[in-house]
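Dear colleague,

I am passing on the structure we spoke about, and I would be glad if you could look through it alongside the notes below.

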Amino acid sequence: MQIVNSPQEMQKLSLKWRELGQRIAFVPTMGALHEGHLSLLREARRIGDKLVISIFVNPTQFSPNEDLSKYPRDKDGDLVSARDCKVDAVYFPTEEDMYPKGHQTFVEVAKMTKGLCGARRPTHFRGVTTVVLKLFNIVQPHVALFGEKDFQQLAVVRTMVRDLNLPIEIIGMPIVRDSDGLALSSRNAYLSPTERISVPCISKSLKIAQKMVISGEKDAKKVINIVKTTIESEKSVKIDYIEICDSNTLESQSVINGEARLLIAAHIGKTRLIDNCRL
Ligand code: AMP
């Protein structure tokens with residue numbers, strides 16, 4: 001497994017692999033790897049000849065009042081996981097390489113970044129698309145894998161790739177959950193033991209919504225109300241948003257159809273959690 005620290009070195013390696021006709025699969029992450037990340041790596045290993053992971057806590061996707069400085073970091077553990085998943089190259093970008101002095105170029109997906117998490121985190125997706133495009137230019141993958149856990153991010157990246165004609169296949173991977181339903185996230189490490197006991201109400205509410213829709217409910221408002229009541233049964237969990245949207249455009253739906261996605265964000269203490277499911 002190669003450890004790569006500079007964009008030039010990464011590009012050189014990727015170009016060499018490309019010349020040999022090898023298919024490069026890429027998983028961008030912010031590290032503190034858990035089973036959710038590993039599911040992406042395993043699938044990437046299966047479909048690619050070469051597997052690259054990047055580990056970079058990207059400052060431009062955090063706003064000044066967010067958790068950038070305390071975001072979990074575990075370089076040694078990540079290297080063990082990467083080795084276990086038979087990664088070919090781990091790329092650790094440096095902040096100076098990603099945002100050199102005078103950096104002033106950003107990429108923005110205009111519309112679908114305005115709602116949901118984008119409404120609460122106005123500069124977040126601009127940071128995500130900018131770093132993802134930079135990583136694509138550096139790693140030059142044929143295929144990149146993203147988790148449905150960050151569903152808006154996946155939709156935004158797909159839109160950027162389509163709109164900018166990037167020759168990269170984007171694969172969305174199912175959400176990996178703990179045994180009680182909580183979606184795995186690096187931010188779960190922030191939860192106190194009592195908070196951890198409360199938060200499965202979020203995934204439980206998704207299951208209830210799915211059952212309602214399977215039984216024929218098409219009224220988004222009715223489903224959202226039940227989801228709200230289920231989450232509010234845990235007093236410590238504060239809802240940020242509950243929305244039912246079209247999976248591709250992320251436009252709000254009032255009548256649920258085959259393409260609907262239920263998306264939730266909630267706060268518990270100082271931690272913000274997101275989750276979603278297909279309806
Ligand atoms: P992050 O390190 O949080 O930026 O996540 C890196 C990638 O892993 C993103 O594409 C996430 O959507 C994905 N991911 C994170 N948690 C999960 C999960 N529980 N299940 C599936 N994918 C996940």
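The notes that follow begin with the chain as a whole, then turn to the ligand and to a few individual residues.

Please keep in mind that this is a predicted model, in which local features need pLDDT of at least 70 and side-chain atom pairs count only at pLDDT 80 or more, whereas totals for chains, interfaces and linings use all residues. Residues are numbered from 1 along each chain as its sequence is written, and side-chain values use heavy atoms, with hydrogens and water left out.

The chain has 10 helices and 9 strands, taken as DSSP runs (H or I of at least four residues for helices, E of at least two for strands) and numbered from the N terminus. Its radius of gyration is 19 Å, which agrees with the value near 19 Å that a compact globule of 279 residues would have; the radius is taken over C-alpha atoms, and the globule rule is 2.2 Å times the number of residues to the power 0.38. Along the principal axes, the C-alpha atoms fill a box of roughly 55 × 40 × 40 Å. Of the 279 residues, 54% count as buried, where buried means under 20% relative accessible area, exposed over 50%, and partly exposed in between (1.4 Å probe, protein chains only). Of the contacts (heavy atoms within 4.5 Å) with a separation of 6 or more, 71% are between residues 24 or more positions apart.

Turning to the ligand, there are 17 residues around it, of which His37, Gly147, Asp150, Val176 and Leu184 come nearest; a residue belongs here if one of its heavy atoms lies within 4 Å of the molecule. A polar side-chain atom of His37 lies 2.8 Å from an oxygen atom of the ligand, while backbone N or O atoms of Met30 and of Gly147 each lie 2.9 Å from a ligand oxygen atom. The protein covers 93% of the 480 Å² of accessible area that the ligand has on its own, with areas from the Shrake-Rupley method and a 1.4 Å probe; for residues, only the protein chains shown count as cover. At least two residues of the shell come from each of β2 (24–29), α2 (35–47) and β5 (143–147), and the largest share, 3 residues, is that of α2.

Two neighbours in sequence deserve a look together. Leaving aside neighbours within four places in sequence, Ser236 is in contact with Ser198, His267, Ile268 and Gly269, and Val237 touches residues including Cys201, Ile231 and Ala266. The side chains of Ser236 and Ser198 are also joined by a polar contact of 3.5 Å, the term meaning a pair of N or O atoms within 3.5 Å; within protein, one must be able to donate a hydrogen and the other to accept it, and residues adjacent in sequence count only if both atoms are side-chain atoms.

Finally, there are two backbone angles to check. Most residues other than glycine have a negative phi.

With best wishes
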